[in-house]
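Here is a short briefing on one protein model.

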Amino acid sequence: MQSKERSVVQAQEGGARARRSVNDVQLEPVPRLEWSLATEAHPPALEAATPASLRRSWIHTAPEHQVLGLFRKLHGAKRRLPAPWWLRALDRGEIESRDAAFEVEDEAQAVLGSRPGWVFVPWAGVGEAGYWEYAPSDRAPMRMPTTVVLTDGHRGWLNVVPVHGDTEPVPVPVKLATGLVAMFPQIEAW
């Protein structure tokens, strides 16, 4: 919020007018701060084991039309505000609803959470749902394990980033949790 000092004439009850002093402070929203508050988890997740456990912020709980409205008002897509994958897809009309996106996240968690070696990592970007790492692929000389991330880059909503050293490989697009199941033999052999 930023303040501006102004001399303002305000209407009061009964039609009388009162003059505010030039020293009165009027607060106006600063878009980035407003968005930061909208994406901040309340209360913060102390232990996040699933994407669902991270859905505590205003963007996850407020009416969907208000969330989308604020995102558009702040020109989210143009300014690349930090936002969950699903909000960018929803803004473009590529996913039906926030609930449909939550189903994608929950299905990926159900599939990956039931497989040995897969670990959910909640430390993603602001408002993001986290990602999954395949712990057995975390070995020398590799620097990064095989990772599954949610994306708005295609309508399969999931990318697999193969285990890698210094040079990051091109992510492999996967179509939903069913695509993961079909690719497990390949993904877990990297």
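Asn159 is buried, because its relative accessible area is 12% (buried is under 20%, exposed over 50%, partly exposed in between, with a 1.4 Å probe and protein chains only). The model is predicted: local features need pLDDT of at least 70, side-chain atom pairs count only at pLDDT 80 or more, and totals for chains, interfaces and linings use all residues. Residues are numbered from 1 along each chain as its sequence is written, and side-chain values use heavy atoms, with hydrogens and water left out.

**Asn159**
- Asn159 sits in strand β8, residues 157-161 (strands are DSSP runs of E, at least two residues; helices are runs of H or I, at least four; both are numbered from the N terminus).
- Its side chain makes a polar contact with the side chain of His154, at 2.8 Å (a pair of N or O atoms within 3.5 Å; within protein, one must be able to donate a hydrogen and the other to accept it, and residues adjacent in sequence count only if both atoms are side-chain atoms).
- Leaving out residues up to four places away in sequence, Asn159 touches His154 and Pro171, among others (contact means heavy atoms within 4.5 Å).

**Helix α6**
- Gln109 lies in helix α6, residues 98-113.
- Gln109 is buried, because its relative accessible area is 16%.
- Beyond four places in sequence, the residues it touches include Thr50, Phe120 and Trp132.
- Gly113 also belongs to helix α6.
- Gly113 counts as partly exposed, because its relative accessibility is 48%.

**Rings**
- There are five aromatic pairs (rings of Phe, Tyr and Trp, its six-membered ring, with centres within 6.5 Å; planes under 30 degrees apart are stacked, over 60 edge-to-face, the rest tilted).
- One of them joins Trp85 and Trp157, tilted, at 5.3 Å centre to centre and 45° between the planes.
- This pair links distant parts of the chain, with Trp85 in helix α5 (residues 85-91) and Trp157 in strand β8, 72 residues apart.
- Both Trp85 and Trp157 are buried.
- Trp118, Tyr134 and Phe184 make up one aromatic cluster.
- Arg115 lies over the face of Phe184, 4.2 Å from the ring centre (NZ of Lys or CZ of Arg within 6 Å of the ring centre and within 35 degrees of the ring normal).
- Arg55 lies over the face of Phe102, at 4.1 Å from the ring centre.

**Confidence**
- Mean pLDDT is 83, and 76% of residues reach 70 or more (pLDDT is the predictor's confidence in each residue, from 0 to 100).
- Over residues 1-14, pLDDT stays under 50.
- Where pLDDT is low, predicted coordinates should not be read in detail.
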